[in-house]
Amino acid sequence: MAARVPVPVTLLLAAALALQVGYHAGRAPRQRAAVALALPPPQAVLRLASLGEPVALAKAMTLYVQGQDEADTPLNAIDYSALRAWLERIVDLDPRGQAPLLAASQVYGASADPARTRIMLDFVYRRFGEDPDRRWPWLAHAALVARHRLHDPALARQYAQALRTRVTNAVLPAWARQMELFILDDMGEDDSATALIGAMVASGQVSDPRERAFLERRLHNISARQRRADP
């Protein structure tokens, strides 16, 4: 005998459909609505609409948001302020879900408009702080975007520093822990790089002999560079 759809699930789907229809009723045709992304409903309304199933509603909202960047809707045509609001609501409903931060750092962060990219990177940075050990990969990608696409080493360092200081040491791989050091190199901040290496070693962040050896070589190279610059 075929399984019946549980009543709460049916009600949830009906509520989600009614919610979406209500917010978009009277708006322009489909393609125009995709460009003019409306702000999401307030969180209290979403909680009521979820009927006790916030994760399911978060997944439905994720599908809705993903529908805004279809092939005929370039990223630069999307209202990123509204997009961020949708992503914020989704994370609030499902804090363990990774899709919003992944999409922000790797999909929407690829916009050719630096202002839009910065909105997404800031979203990732702010929400990273709530669960650093699980959300660090998205901030690491945001640091790379800031460094190589926005050419903003100060912002990249801010993100890299947050990775190094806020993620549990055993969770963060060596390459991510050392990202701040490479950015300081790019900035020509030799004194800061030297101080950072000393702090990493003294604080016990670095226990792997190979990583310690790598940092010692970096110190040696920095000292050699400073002697050449100021013999």
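This is a predicted model: local features need pLDDT of at least 70, side-chain atom pairs count only at pLDDT 80 or more; totals for chains, interfaces and linings use all residues.
**View 1. Helices α8 and α9 pack at an angle of about 160°, and their axes are 8 Å apart.** The crossing in which α8 passes α9 is left-handed. On the α8 side, the residues that take part are Pro132, Asp133, Trp136, Leu139, Ala140, Ala142, Ala143, Ala146 and Arg147. They meet Leu155, Ala156, Tyr159, Ala160, Ala162, Leu163 and Arg166 of α9. Sorted by class, this contact has 13 nonpolar and 3 charged residues, with no polar ones.

**View 2. The loop between α8 and α9 holds His151.** Take a moment to look at the backbone here: His151 is not a glycine, yet its phi is positive, at about 55°. Is this residue buried or exposed? With a relative accessible area of 60%, His151 is exposed.

**View 3. Helix α9 also meets helix α11.** Here α9 spans residues 153–166 and α11 spans residues 179–187. Their axes come within 8 Å and cross at roughly 155°, so α9 and α11 are roughly antiparallel to each other. This crossing, too, is left-handed. From α9 come Pro153, Ala154, Ala156, Arg157, Ala160, Gln161, Leu163 and Arg164, and from α11 come Met179, Glu180, Ile183, Leu184 and Met187. The residues of this contact divide into 9 nonpolar, 1 polar and 3 charged.

**View 4. Helices α11 and α13 pack at an angle of about 10°.** Their axes lie 13 Å apart. How are these two helices oriented, parallel or antiparallel? Angles under 35 degrees count as roughly parallel, and therefore α11 and α13 are roughly parallel to each other. Leu181, Phe182 and Asp185 are the α11 residues in this view, and they meet Phe214, Leu215, Arg218, Ile222 and Arg225 in α13. The contact is made of 5 nonpolar and 3 charged residues, with no polar ones.

**View 5. The largest nonpolar core has 47 residues.** Which of them touch the most other members? They are Leu83, Leu139, Tyr159 and Leu163. The elements that each give two or more residues to this core are α3 (43–50), α4 (54–66), α5 (80–93), α6 (99–106), α7 (114–128), α8 (132–148), α9 and α11. A second, separate core of 10 residues includes Leu181, Leu184, Leu196 and Phe214.

**View 6. Leu83 has several contacts beyond its neighbours in sequence.** Leaving aside residues within four places in sequence, Leu83 is in contact with Leu37, Val65, Ile78, Tyr108 and Met120.

**View 7. Helix α6 has five buried residues on show: Pro100, Leu101, Ala103, Ala104 and Ser105.** What covers them? The cover includes α5, α7 and α8.

**View 8. Leu51 sits in the loop between α3 and α4.** Though Leu51 is not a glycine, its phi is positive, at about 50°. Leu51 is partly exposed, with a relative accessible area of 43%.

**View 9. Gly204 is found in the loop between α12 (190–202) and α13 (209–229).** Its relative accessible area is 45%, and Gly204 is partly exposed. Gly204 and Asn169 are 35 residues apart in sequence, while their C-alpha atoms are 9.2 Å apart in space.

**View 10. The whole protein chain has 13 helices and 0 strands.** Of its 231 residues, 42% count as buried. Among contacts with a separation of 6 or more, 68% are between residues 24 or more positions apart.

Definitions and conventions:
Residues are numbered from 1 along each chain as its sequence is written. Side-chain values use heavy atoms; hydrogens and water are left out. Axes are lines fitted to C-alpha atoms, for helices over the stretch in contact, and angles run from 0 to 180 degrees between N-to-C directions. Helices (H or I, at least four residues) and strands (E, at least two) are DSSP runs, numbered from the N terminus. Angles under 35 degrees count as roughly parallel, over 145 as roughly antiparallel, 65 to 115 as roughly perpendicular and the rest as oblique. A crossing is left-handed if the near helix is turned anticlockwise from the far one by less than a right angle, and right-handed if clockwise. Contact means heavy atoms within 4.5 Å. Ala, Val, Leu, Ile, Met, Phe, Trp, Tyr, Cys and Pro count as nonpolar, Asp, Glu, Lys and Arg as charged, and the others, Gly among them, as polar. Buried means under 20% relative accessible area, exposed over 50%, partly exposed in between (1.4 Å probe, protein chains only). A nonpolar core is a set of buried Ala, Val, Leu, Ile, Met, Phe, Trp, Tyr and Cys residues joined through side-chain atoms within 4.5 Å.
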